[in-house]
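Student: I have a two-chain model open and would like to talk it through. Could we begin with the sheet and then move on to the contacts?

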Amino acid sequence: MTDYIARHALDGNLFIPKMFQGFPEIKEALISNRVQAGFLVAPMAIALRSQGVPIKVVYLGHRYGSAVVVQKDGPVHSVADLRGRTIAIPSRFSDERLIMLRALQKNGIAPSEVKMVEMSPADVAGALAAKAIDAFSMGEPFPSQAEMSGFGRVLFQAREYWPDYMSCVLVVRQDVIDGRPEAVQTLVDGIARSGLWLEKGKPYREYAAEFVGRYYFNQPPALLKWALTRPLDRVMYAPLSPRKRDFDLVRDLMIESGLLDKKLAFEDYVDVRFAEHSQIKTAWKFEPGTE
Amino acid sequence: MKRISFWLLLWTAAISGLHAWLNVSWAEVLNDRLPPERRKLNVAYIPVT
């Protein structure tokens, strides 16, 4: 996405996309200024800000797109069956953990009745196949990977317990926001336009799956096609403006689960100016298969 | 001895050259040397949708 934005933005090449394999590594890179912007899970961004790390959330990466997956022929058929089971999550500071806690709570299960283990997203499908874990709560395409390979079954999609669910958010270092706001705006505009482009329909999503799978994620395009089209609203790319009520919910769930010790104000960790300025943007003018 | 040293040096140079070509992101190295206001921004992502 950032590469496409860099190539097509009027300002020329402004960004270098850098792939990481886990959120903790992105966190460290942001703190040490090895990267100036990045996609993080929302609770991690809020926690970093509460610890004084100079970053702000400026936009969302997507909405929905997380699911809890269990072994296809295993004994877990409802959330209640997760009692006593081992569940993998990407990080203690993740929406995937919060959604798990929310589902457990709604089904009368205490968090202490399950064992949650942190695992790199890329490892969860293999761990489920090897029966090292009973379930995982993770973002796409890993639920799709388990489904497509025939050893996983989606127990529930995040939206079933959290209607306006969001996970990955775009954070930018404060020195960049202050010193190069036009670059941040270009990035946000580009993500907004990419999101609108993806929402134009199935052929657009299939085309994105092809080039993102091959050139960026190093994942089979067929897997990304599954994740992006079965069904089309499995992952949504609009609207991506950060909304106060969504972040208040994340913050309150973090306080409830002991991840945060104080009520941080929305304005302390979100800068909505770039999202507000990007609202008039239209999708990229680009038809699948023409480049 | 000279012959062995020559081939050893050549081998080391070839391996170093290949390493520099394949494993070093020169775009990032050069970017890091630019003044802050002219640098490209490094944007981190993980392969999830």
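Student: What is the strand order in the open sheet?

Tutor: This is a predicted model, and its open sheet of five strands runs β1(A)-β1(B)-β2(A)-β10(A)-β3(A), with mixed pairing. Strands here are DSSP runs of E with at least two residues, helices are runs of H or I with at least four, both numbered from the N terminus, and two strands pair if DSSP finds at least two bridges between them. The edge strands, each pairing on one side only, are β1 (15-19) and β3 (55-60) of chain A. From one strand to the next the twist averages 30°.

Student: And which helices pack on the sheet?

Tutor: Helix α2 (residues 23-31) of chain A does, touching β2, β3 and β10 of chain A as well as β1 (41-45) of chain B, and its direction makes about 140° with that of β2(A). Helix α8 (residues 181-198) of chain A also packs there, touching β1, β2, β3 and β10 of chain A together with β1 of chain B, with a direction about 30° from that of β3(A). Contact means that C-beta atoms, placed from the backbone, lie within 7 Å, while axes are lines fitted to C-alpha atoms, for helices over the stretch in contact, and angles run from 0 to 180 degrees between N-to-C directions.

Student: Back to the strands: in which sense do β1(A) and β1(B) pair, parallel or antiparallel?

Tutor: They pair in the parallel sense, over five bridges, and P17(A) has V43(B) as its bridge partner in β1(B). By contrast, β2 (residues 37-41) and β10 (residues 168-173) of chain A pair in the antiparallel sense, over five bridges, with A37(A) opposite V172(A).

Student: How many residues does each chain put into the contact?

Tutor: Chain B gives 13 residues and chain A gives 34. On the side of chain B, α2 (26-32) and β1 each supply at least two residues, and β1(B) has the largest share, with five. That side of chain B has eight nonpolar, three polar and two charged residues, where Ala, Val, Leu, Ile, Met, Phe, Trp, Tyr, Cys and Pro count as nonpolar, Asp, Glu, Lys and Arg as charged, and the others, Gly among them, as polar.

Student: New topic: how is chain A divided into domains?

Tutor: Domain 1 covers 2-62 + 166-199 + 237-280 and domain 2 covers 64-160, with bounds from an automatic or database domain assignment. Their C-alpha centres lie 25 Å apart, and the contact takes 16 residues from domain 1 and 14 residues from domain 2. On the side of domain 1 that touches domain 2, α3(A) gives the most, with four residues.

Student: How do α3(A) and α11(A) pack?

Tutor: Their axes are 10 Å apart, at an angle of about 75°, which makes α3(A) roughly perpendicular to α11(A), a label used for 65 to 115 degrees, whereas under 35 is roughly parallel, over 145 roughly antiparallel and the rest oblique. A42(A), P43(A) and I46(A) of α3(A) meet V250(A), R251(A) and M254(A) of α11(A).

Student: Where is confidence lowest in chain A?

Tutor: In helix α1 (residues 2-8), at a mean pLDDT of 51, pLDDT being the predictor's confidence in each residue, from 0 to 100. The mean for chain A is 90, and 93% of its residues reach 70 or more. Residues are numbered from 1 along each chain as its sequence is written, and chains are lettered from A and ligands numbered from 1 in the order in which they are written. As this is a predicted model, local features need pLDDT of at least 70 and side-chain atom pairs count only at pLDDT 80 or more, while totals for chains, interfaces and linings use all residues.

Note on methods: Two residues are in contact if their C-beta atoms, placed from the backbone, lie within 7 Å.
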